[in-house]
Amino acid sequence: MPPRLNLLVTPRVIAYRSKPALGVWRAQHASKPQPTICAVRGFADKSTDLPVSEDDKGPNTDPGAPHVSEEAAAMAKITGGSGPDIEQGTPVQEIVKDDKEAFDKLPQVMKDSIRAKTANPKPQTRPYSTSAIRRADLVSQEPAKLYLQEGTEVTPPPGLRFELPDLPLPSTSNMEHRYDPVVTQVTNLLMRDGKLSVAQRNMALILQHLRTASPPQVSPTRPLLPGAPPPSHLPLNPVLYLTLAIDSVAPLLRIRSQRGAAGGGVALQIPVPLGLRQRRRQAMQWILDAASKKQSRGSGRGGFAQKVAEELVSVVEGRSGVWDRRGAVHKLAVSARANLNFGRRR
């Protein structure tokens, strides 16, 4: 069956643009700047490159702009720093140094400056020596006197920049033992998990508290060690304050339980004397236990050091419970002193 034709539909209009004449097309495109063949094709063709105008300037073609070194030198002059050396070329002094004829033709001012530099050359050596090898002219031929006795005068040999130290050397001159023994021992007891810096900071806070605290009121029932300075002098020397508090409450003995000493498997209490470091260690452990049971007054890294310092002050004043623990150990040791001769041959 043949297709139906709809004759009532409006026919579609097709736009038609006539081709311009060749002369008109060239006149329209002659005024527009055309890209060079180098930018379009990717290769240079001098015959087709358009001429560049003299007014067109690139980023580095402005003759009025200063050089990079000149800008750096100007900025250094403003800020007071040292900029690059702008002066280039060989100095005149180097050129006429070996030319006598050229030197005679120089101005008198330049002649005087060259003669002054030649007469007073700039020293090229240091006023001190950086060599580890001792020079033979600096070593004294005579043997130096030795420190054999205290107070002996010794003349330092020539070549030494500083005088010899006084002998005998103080105990704090060695780097390994530059702190007080009590401070070192207490710092090691304060250390936890190998953090020595934290323990040293706590030790510094403890000594700071002892130095700034008010003078303690010593109890007559619990006196300190004989020969102790007055209580008003203790804050002036915090290390002495710490040592006095520890040594005053340190026990002299400890109780050792020995099973089977009396026979029958019964444990026997035997008192054992302690050394100086052992006594201080036991006393400091009691003080740390008492300080750890105190209630914190605030938060921060120095809270524990504050409690330890307050416990030390209470020990000196006789208010700490460490005195009761020391008295209990001494009382038990006195009652068990008869057990010292068990097992000994008469």
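The model is predicted, so a pLDDT of at least 70 is needed for local features and 80 or more for side-chain atom pairs to count, while totals for chains, interfaces and linings use all residues. Residue numbers start from 1 along each chain as its sequence is written, and side-chain values rest on heavy atoms, with hydrogens and water left out.

Let's begin with the overall layout. The chain has 12 helices and two strands; these are DSSP runs, with helices being H or I of at least four residues and strands being E of at least two, numbered from the N terminus. Read from the N terminus on, the order of elements is α-α-α-α-α-α-α-α-α-β-β-α-α-α. Of the 346 residues, 21% are buried, where buried means under 20% relative accessible area, exposed means over 50%, and partly exposed is in between (1.4 Å probe, protein chains only). Take the contacts (heavy atoms within 4.5 Å) between residues at least 6 apart in sequence: 50% of them join residues at least 24 apart.

Now find helix H7, residues 181-190. Seven of its 10 residues are buried, so H7 is largely enclosed by the rest of the structure. The buried ones are Val182, Val183, Gln185, Val186, Thr187, Leu189 and Leu190. What do they pack against? The buried residues of H7 pack against helix H8 (196-212), helix H9 (238-249), helix H10 (276-292) and helix H11 (303-317).

Next, look at how H7 meets H10. Two packed helices are described by the angle between their axes and the distance between the axes. For H7 and H10, the angle is about 45 degrees and the axes are 11 Å apart; axes here are lines fitted to C-alpha atoms, for helices over the stretch in contact, and angles run from 0 to 180 degrees between N-to-C directions. H7 and H10 are therefore oblique to each other, because angles under 35 degrees count as roughly parallel, over 145 as roughly antiparallel, 65 to 115 as roughly perpendicular and the rest as oblique. The crossing of H7 and H10 is right-handed, meaning that the near helix is turned clockwise from the far one by less than a right angle, with anticlockwise being left-handed. On the H7 side, the contact is made by Val182, Gln185, Val186, Leu189 and Leu190, and on the H10 side by Arg277, Arg280, Arg281, Met284 and Leu288. By class, the residues of this contact between H7 and H10 are six nonpolar, one polar and three charged (Ala, Val, Leu, Ile, Met, Phe, Trp, Tyr, Cys and Pro count as nonpolar, Asp, Glu, Lys and Arg as charged, and the others, Gly among them, as polar).

Follow the chain out of H7 and you come to Asp193, in the loop between H7 and H8. Asp193 counts as exposed, at 75% relative accessibility. Its phi is positive, about 60 degrees, although Asp193 is not a glycine. Most residues other than glycine have a negative phi.

H8 then packs with H11 at an angle of about 45 degrees, with their axes 9 Å apart. H8 passes H11 in a right-handed crossing. The residues making this contact are Asn202, Leu205, Ile206, His209 and Leu210 of H8, together with Ala305, Gln306, Val308, Ala309, Glu310, Leu312 and Val313 of H11. The classes in the contact of H8 with H11 are eight nonpolar, three polar and one charged.

Stay with H11 and pick out Glu311, which is found in that helix. Is Glu311 buried or exposed? At 4% relative accessibility, Glu311 counts as buried. Setting aside neighbours within four places in sequence, Glu311 is in contact with Ile287, Ala290, Ala291, Lys294, Ser320 and Val322.

Ser320 itself lies in the loop between H11 and helix H12 (322-335), and Ser320 is buried, with a relative accessible area of 4%.
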